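Here's a quick tour for anyone meeting this structure for the first time. Have a look at the model, then read on.

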Amino acid sequence: MLPLLLVVGLLCAALVCVVALCRAHRTDTVAVVRALPELAATFLRYRRKKQ
């Protein structure tokens, strides 16, 4: 039951993100997409420090 809830939650979160990006102004979307690699790198550095 828990894996099913996690999958449904992940799909809902992905759907919300896609809808938000589609409704956003083009310049906002470009800024978000350009910030993603930096955000991912920051998250990975944070995870490495924690371990």
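Met1, Leu2, Leu4, Leu5, Leu6 and Val8 make a nonpolar surface patch of about 680 Å². Patches take residues with over 30% relative accessible area and no salt bridge, joining like charges within 9 Å and nonpolar side chains (Val, Leu, Ile, Met, Phe, Trp, Tyr) within 5 Å. A salt bridge here is a side-chain nitrogen of Lys or Arg within 4 Å of a carboxyl oxygen of Asp or Glu. Areas come from the Shrake-Rupley method with a 1.4 Å probe, and for residues only the protein chains shown count as cover.

## How to read the model

This is a predicted model, where local features need pLDDT of at least 70, side-chain atom pairs count only at pLDDT 80 or more, and totals for chains, interfaces and linings use all residues. Residues are numbered from 1 along each chain as its sequence is written, and side-chain values use heavy atoms, leaving out hydrogens and water.

## Methionine 1

Methionine 1 sits in the segment before α1 (2–23). It counts as exposed because its relative accessibility is 75% (exposed is over 50%, buried under 20%, partly exposed in between, with a 1.4 Å probe and protein chains only). From methionine 1 to leucine 21 is 20 residues in sequence and 31 Å in space, C-alpha to C-alpha.

## The whole chain

You'll find two helices and zero strands in the chain; these are DSSP runs numbered from the N terminus, with helices (H or I) of at least four residues and strands (E) of at least two. Of the 51 residues, 0% are buried. The chain exposes about 5000 Å², with 72% supplied by carbon and sulfur atoms.
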